[in-house]
Amino acid sequence: MLNLKIIIASTRPGRKAPAIANWFTEIAKKHAEYNVEVLDLAVINLPFLDEPEHPRFQRYQNQHTKDWSAMISSGDAFVIVTSEYNYSFPATIKNAIDYLFKEWQYKAVGFVSYGGVSAGTRAVQSLKQVLTAVDMVAISTAVHIPAFTKHIDADGKFMNDPGLDKSADGMLNELYKWGVALKTMRP
Ligand SMILES: Cc1cc2nc3c(=O)[nH]c(=O)nc-3n(C[C@H](O)[C@H](O)[C@H](O)COP(=O)(O)O)c2cc1C
């Protein structure tokens, strides 16, 4: 059993992220090999990094950092649900990553991205570069949703799509293998 944390990157009012995250979370919950938890950065509401020391030392001064540290420490595998802003990821996810170091280390991460024609792929490629700096293994099997708005109905609900559902299952299966393997690298 692995603890899977699904991180919602977008925090802006009126964001579409919850529709996509809810759809993906329902699929993840059908995977009995995971304990699933959603970490919504809009709710967690981290300020811009305000810790005086490098996170490697884990000498956190602020309660919000201690809370965020506990949430990430208990994760074995992560899925980042990300939009694409100006050909990259939202600044909120970079800030959330920068807060910590050891908590991310030797853990697997997969992606659900959405956007226009690019399907958020540029955001994911940019994120991978950052995640290697905290020793995460970013898996290549991912869920990329182009022209995502056509999958959202009038009630703001993401409509199931057999191709995308299959893509989500495939990514979760691959993530599990990496998650199990990397667990052996952690103390
Ligand atoms: C600041 C900003 C920049 C954007 N840049 C891109 C982009 O580079 N590529 C893209 O496909 N969509 C881009 N979009 C459109 C987003 O795909 C769309 O607004 C989406 O709903 C954003 O996700 P969110 O609603 O969960 O925040 C951008 C939107 C915003 C607000």
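Leu2 stands opposite Tyr34 in β2. The model is a predicted one, in which local features require pLDDT of at least 70 and side-chain atom pairs count only at pLDDT 80 or more, while totals for chains, interfaces and linings use all residues. Residues are numbered from 1 along each chain as its sequence is written.

Strand β1 pairs with strand β2 (residues 34-40) in the parallel sense over 7 bridges; pairing requires at least two DSSP bridges between the strands. Strands (E, at least two residues) and helices (H or I, at least four) are DSSP runs numbered from the N terminus. A parallel arrangement also links β1 to β3, through 5 bridges, and here Ile8 stands opposite Val81 in β3. Of the 7 residues of β1, 6 are buried, that is, 20 or more other C-beta atoms, placed from the backbone, lie within 10 Å of their own.

Helix α6 (residues 162-183) comprises 22 residues and reaches 32 Å from its first C-alpha to its last, close to the 32 Å expected at 1.5 Å a residue; the expected span is 1.5 Å times one less than the number of residues. Its buried residues include Leu164, Met171, Tyr176 and Trp178. The buried residues of α6 pack against β1 (2-8), α1 (17-29) and β3 (77-82), among other elements, contact being defined by C-beta atoms, placed from the backbone, within 7 Å.

The ligand is surrounded by 13 residues, the closest being Ser10, Ala17, Ser83, Gly115 and Gly116; a residue is near if its C-beta atom, placed from the backbone, lies within 6 Å.

Methods. Buried ≥ 20, exposed ≤ 12 C-beta atoms within 10 Å, placed from the backbone. Contact = placed C-beta atoms within 7 Å.
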